[in-house]
Amino acid sequence: MKKLLSVLLVICMISVMLAGCGNDTQGTNVASAAPSSAAVSGQAAASSKAEPTRATLNVMMSFPRFTDQMEAYLNQFKAKILAEKNMEAVINLEMPSSDQYGNIIQTRLSSNDAPDLFTLHASADLPTYVKAGYVADLTSQPLADKLYDDVRKTVTIDNKVYAVPFESTVWGYLYNKDIFNKLGLKVPDTLDQMKTVVKTLKDNGYTPFELAFQEQWVPQLMTALTLGGKVSGSIPDWTDRMYKDQGSYKEVVEIFDVIDLIMQNGTKNALDKGSEQGAADFANGKAAMFVQGTWSAESILGVNPDIKIGVGALPVNNDINCTKINLATTTSLAVYSGTKEMETALALANYMLDDKDSSALYKELKFNPVAKCHSFEQYSWAKEASSYVEQGRSYRDLVLPNAVTDEQGKLLQSYYAKKTTKDEFIKVMDKTFKDANRAAAQAK
Amino acid sequence: MNINKKQSQNFTLILFVLPAFIFFAAFKLIPAVLGLWYSFTNWNGINPTYKIIGFENFAEIFTGDADFWRAMLFTLKYVGAAIVALNVCALVLAVLIESARKGRSFFRTIFYMPNMISMIIGGYMWNFIFTQVLYYIADNTGLEFLNKSWLGDPKYSFTAIVIVAVWGGAGYLMVIYIAAIQSVPTALIEAAVVDGASAFRRFISITLPMIKQAFTICLFVTLNSAFQVFDVVFSLTGGGPGRLTQVVAINIYEEAFGRSNRLGYATAKSTILFLVIMLITLIQLRVMKKGEEEM
């Protein structure tokens, strides 16, 4: 009797456990109350109408902060295709946090559990995933023709469009307009002008640069800007040659002129300061300039809504052709090549750039316009940055291997801590680039 | 009949162990075996296909990976410091609490508490303390020795990491030590008191030898966890500045999920870490066992 009882107990435990495991829907099910009730009432009201076809789409995106807006937009999409194609779509939206997103999507793809649509970083991740064959070609879709030419290039690989760009940024460094106006300073176009600006700021008791180097991606922004300016302005074939193991960081050692200037004239305790803290300090006027993209504008304005921010291009040397602004597409939406619901998935991808609804979405999410269907007022700093683009003073964000980008940030941290010299930086970066090339070749 | 009964008893036992075993197999055993397999491939974690490349990964680690060995060295340094600091602190706490007249359970709870907080959260809390609170205190009280770049300067960040590790880990070891101290027969202590032994003498000659098993357990636990340390370092310095505080686990993580996504290569590194831990643990267990038998 006792035995029987214990066996029963064990079985009970196991089944409870399995039930617990089985319930693994992490994502929020957008198809909650509204659509199903709509479907029910729809059926009741129009029984003469044909039964709607059904489709289930899994969508994974890397910006949890926009979950509400995205869910609302997906609901609009469901209403649209129910009306136009008589299709009832169930859309499961998952929003893992961006720092885990890479691992999650990687696991899901390699375990044959891929979402039908997912976001990728256009320059850092898209090429790898395209090569692995996970991304559907969107060239023939209407969305491809709507994209601005500059932006279209950022999601094009081998002349094929592979993703819908969401976030695109036009960025340089940020400066505090109030301080600049008060001292009558102009945004510098050359390194010498920058030196004068730094001197004036210091003479008037201001700290020129905000430094927040605790997270390696923040110091890395300095290399992104300086390399971008230098390479696009005077040695345009550098990146290609680096990919062929034929270049060296020796050719761009000049970037340290401005990096040194920034590091020597910045706020203290930089390695203890995270990016948010840096943004807060900049917002409170502790420094006049901050090498940080426009994406941090929200954090800065959150701390001090009255601050007036400007965007400038970081000079590398005295050649104005090298002083340019960075144009980059980051988060973009790709369609899984193996999806079972290709037609619906493509419809959703196209709806992201819908002539009628897309503008409102991009505006609400504070994204820059990426396509001809986008007509909305931009923020003043975004406009200022865009004016560089209009003058032709922008370059497309350099596409470097992830390993190289990471390493640059790490080395700059230890360069700031004076544990690495310029020569070591060059040596290690050259090696890292070669290793990355080899790893990429191996993966083919 | 008797055999039958025994068999069904065994069956019941197996049933009871089964749920735990399923979990162990699904989340530890199978991934470990797979990891070993991937270490012989060049899989990047994304591609659907990969090649078996034999011992190439291992050869590369031994010939061309200075960062990994630097991380290994830093980990060894950390293991040494953490084992000493953790066990000394835990033992001192255990003795103090056991000799307290009042509020034993209160202090026990207080010191055990950090163990219940996830180390990642604890790490970020300390991150805030090191980067904000200490500066504030230094600025407002003139305690100049606090005004250091605790996490930014590798000279001090090692200390910071050990401090947080002790904060988070000492409570657990303390409980083991307390249990051991409580199991020391009071008759022995009373006899020593009658003989006129001082409190210090009683601790050295009676308590310490009697709690030797607890030492074995605690050393085993700290050795293991210190080698695999990740969360404390990750949340405090992230291995930075640069790679100056990078431990092996972070190096492996970076290789697998950052840089060039070389998952196969990263699993080769973790295989080496596994072998190192196994070797040291085997030696340690053997030595400690000998010590226990001698008693």
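Predicted model: local features only at pLDDT ≥ 70, side-chain atom pairs only at ≥ 80, totals over all residues.

Biologist: How do you know where domain 1 of chain A and domain 2 of chain A touch, and how far apart are their centres?

Modeller: For touching, the test is C-beta atoms within 7 Å. Five residues of domain 1 of chain A are in contact with five residues of domain 2 of chain A. On the domain 1 side, these divide into one nonpolar, two polar and two charged.

Biologist: What makes β10 and β12 of chain A edge strands?

Modeller: Each of them, β10 (209-210) and β12 (309-312), pairs on one side only. They belong to an open sheet of four strands in chain A, ordered β10-β11-β9-β12, with mixed pairing. As background, strands of a sheet pair through backbone hydrogen bonds, either parallel or antiparallel.

Biologist: Why do strands β9 and β11 of chain A count as a pair?

Modeller: Pairing requires at least two bridges between the strands. Strand β9 (residues 173-176) and strand β11 (residues 289-290) of chain A have two bridges, in the antiparallel sense, so they count as a pair. Within that pairing, A:Tyr175 stands opposite A:Met289 in β11(A).

Biologist: What makes a residue of chain A buried, and how many count as such?

Modeller: A residue is buried if 20 or more other C-beta atoms lie within 10 Å of its own. Of the 444 residues of chain A, 45% count as buried. The secondary structure of this chain comes to 19 helices and 15 strands. Among its contacts with a separation of 6 or more, 79% link residues 24 or more positions apart.

Biologist: How do you know which residues of chain B form the side that touches chain A?

Modeller: The 7 Å cut-off between C-beta atoms decides here too. 28 residues of chain B are in contact with 37 residues of chain A. Helix α1 (residues 2-38) of chain B gives the largest share of chain B's side, five residues. That side divides into 11 nonpolar, 13 polar and four charged residues.

Note on methods. Residues numbered from 1 in each chain as written. Chains lettered and ligands numbered in written order. Contact = placed C-beta atoms within 7 Å. Nonpolar A, V, L, I, M, F, W, Y, C, P; charged D, E, K, R; others polar. Buried ≥ 20, exposed ≤ 12 C-beta atoms within 10 Å, placed from the backbone.
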